[in-house]
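Reader: I would like a close look at one part: the place where the chains meet. Which residues take part there, and what lies around them?

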Amino acid sequence: MLKKRIIPCLDIKDGRTVKGVNFVNIRDAGDPIELAKKYAADGADEIVFLDISATIEKRKTLIQLVERIAREINIPFTVGGGISTITDVKNLITAGADKVSVNSAAVQRPELIAEIASEFGSQCLVVAIDTKFQENDWKVFIHGGRTPSKIRTIDWALQTEALGAGEILLTSMNNDGTKNGFALDITQQVSQSVNIPIIASGGAGSLEHFKEVFTKTAATGGLAASIFHYEEKSISNLKTYLKTQNIPIR
Amino acid sequence: MIAIIKYNAGNVSSVQNALRSLGCDSIITNDISTLKKADKIIFPGVGAASSAMNYLREKSLVEAIRGITKPFLGICLGQQLMCKYSEEGDTKCLGIFDTVVKLFPPKNKVPHIGWNNFENIKGSLFKQVLPTDDVYFVHSYYTEICQHTIASCNYINPFSAALNKDNFFATQFHPEKSSLVGKQILKNFIEL
């Protein structure tokens with residue numbers, strides 16, 4: 001049976017791991033390689049690295065970091081943040097990334113999804129969607145959640161699937177950083193609208209929140225950052241708990 | 001020395017990293033004489049079947065691969081390319097395994113992404129591996145079960161998770177990304 005995936009996310013800024021709370025306040029949560037190795041050893045099913053460095057110059061250090069990560073861990077990992085061209089994708093995949101995630105650039109130029117899928121295959125393409133409930137609907141936000149796009153989340157999810165996305169990483173900005181649980185309604189709506197896997201993100205604060213997202217939605221993975229970074233909950237504890245709740249877990 | 005067949009697109013360095021962690025030297029190449037001199041060959045695959053087959057034809061690798069007598073391991077798309085035919089891009093493939101590759105029907109999420117266990121396993125490639133062990137899959141097309149199937153997995157329908165015919169082995173999953181279980185499988189291949 002296919003297992004539900006537990007995916008820690010590391011936000012990378014200038015080569016270090018950080019995590020924003022509601023996308024604004026940032027705390028340092030350590031060295032990315034050390035954290036990644038710890039997570040892999042602790043049972044992480046995949047790892048996502050999101051580069052939030054402000055300048056192109058700083059982003060270049062990301063390639064070297066990706067090469068080091070690829071040498072150090074033997075589980076799949078995704079790299080995202082600021083990817084806007086085929087060359088960006090090629091550089092990351094050549095450096096050893098298994099998948100890339102695209103966000104703002106794909107909203108601004110949706111053909112990017114089709115270009116990446118046709119060149120490298122859908123299996124390496126995660127479309128990250130930042131969504132926020134506003135004016136009675138879930139809308140897509142870009143630029144790390146700073147800019148509203150007016151696009152309905154469901155519409156965008158369907159479009160990314162049609163263009164060749166391999167999976168969708170759906171982050172609820174309303175929930176992100178709150179530790180009050182995942183956004184079950186939009187996660188389930190998107191899961192039911194498309195036939196590609198959905199990774200739920202934003203709001204995980206307890207072991208029960210993962211059980212909730214796996215029993216009340218069709219999400220195939222759950223992503224979180226701070227709950228794992230500050231050793232509030234270890235991945236192995238979470239997986240042991242989910243197994244006792246009869247959720248398929250590696 | 002293990003040779004890893006070089007591709008036009010995709011991440012082949014993962015396989016090299018995994019071999020390095022087993023203390024095994026490897027070279028990434030599309031040079032036929034280098035492939036022939038290697039003790040073992042790994043044929044990873046990322047991307048689409050038709051463009052990969054076009055690449056193999058351009059590099060005159062089709063007959064070269066079919067003629068290899070050393071232990072040979074195809075991974076993911078590599079496995080699919082070793083079959084007769086793939087529905088992906090209506091592609092005629094290498095024809096080493098007498099079976100075909102089909103698109104998963106949309107009865108569940110496609111691609112099949114994540115960790116899944118085996119239904120059955122047999123043979124030396126799976127020494128010290130259990131059917132309940134999970135390995136990492138990421139694919140939208142599957143290889144039908146056939147006489148060469150040495151491991152099966154069930155997602156939407158049963159499919160070949162691994163194949164073997166003579167010196168040719170193949171896995172649909174990524175051993176290089178499958179943590180300790182994958183490491184054991186690669187070790188088993190190295191020790192063949």
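**Where the chains meet**

Author: Start with one pair. Asp134(B) and Lys3(A) bring their side chains together in a salt bridge, with N to O at 2.7 Å. The term stands for a side-chain nitrogen of Lys or Arg within 4 Å of a carboxyl oxygen of Asp or Glu. Side chains of opposite charge can pair when their charged atoms come close.

A word on the basis. The model is predicted, and local features need pLDDT of at least 70, side-chain atom pairs count only at pLDDT 80 or more, and totals for chains, interfaces and linings use all residues. Residues are numbered from 1 along each chain as its sequence is written, chains are lettered from A and ligands numbered from 1 in the order in which they are written, and side-chain values use heavy atoms, with hydrogens and water left out.

Between chain B and chain A there are two salt bridges. Asp98(A) and Lys177(B) also form a salt bridge, with their closest N and O atoms 2.9 Å apart. This pair crosses between chains: Asp98(A) is in the loop between helix H3 (86-95) and strand E6 (99-102) of chain A, and Lys177(B) is in the loop between E14 and H6 of chain B. Helices (H or I, at least four residues) and strands (E, at least two) are DSSP runs, numbered from the N terminus. Asp98(A) and Lys177(B) are both buried. Buried means under 20% relative accessible area, exposed means over 50%, and partly exposed is in between (1.4 Å probe, protein chains only).

Now the whole interface. On chain B, 30 residues are in contact with 34 residues of chain A; contact means heavy atoms within 4.5 Å. The chains bury about 2,500 Å² between them, with 52% of it on carbon and sulfur atoms. That area is the accessible area (1.4 Å probe) that the two parts lose on being put together, summed over both.

Chain B and chain A have 17 residue pairs in polar contact, both residues being at pLDDT 80 or more. Four elements of chain B give two or more residues to the side that touches chain A: helix H1 (13-21), strand E8 (112-117), strand E10 (134-139) and helix H6 (179-190). E8(B) gives the most, with six residues. By class, this side of chain B has 11 nonpolar, 14 polar and five charged residues. A polar contact is a pair of N or O atoms within 3.5 Å; within protein, one must be able to donate a hydrogen and the other to accept it, and residues adjacent in sequence count only if both atoms are side-chain atoms. For the classes, Ala, Val, Leu, Ile, Met, Phe, Trp, Tyr, Cys and Pro are nonpolar, Asp, Glu, Lys and Arg are charged, and the others, Gly among them, are polar.

Take these elements in turn. H1(B) is mostly covered, with seven of its nine residues buried. Among them are Ser13(B), Val15(B), Asn17(B) and Leu19(B). Gly23(B) follows H1(B) and has a positive phi, near 75°.

Next comes E8(B). Pro111(B) lies in the loop between strand E7 (97-103) and E8 of chain B. A cis peptide bond joins Val110(B) to Pro111(B), with omega about 10°. Most residues other than glycine have a negative phi, and most peptide bonds are trans.

Then H6(B). Ser179(B) is in helix H6 of chain B. Its phi is positive, near 50°, in a residue other than glycine. Ser179(B) is buried, at 14% relative accessible area.

His174(B) sits in the loop between E14 and H6 of chain B. It is buried, with a relative accessible area of 10%. Leaving aside neighbours within four places in sequence, His174(B) is in contact with Gly45(B), Ile75(B), Cys76(B), Tyr136(B) and Val138(B).

Lys127(B) pairs with Glu191(B), the closest N and O atoms being 3.7 Å apart. Lys127(B) is in the loop between strand E9 (120-121) and E10 of chain B and Glu191(B) is in the segment after H6 of chain B, so the pair ties together parts 64 residues apart in sequence. Lys127(B) is partly exposed at 42% relative accessible area, and Glu191(B) is partly exposed at 46%.
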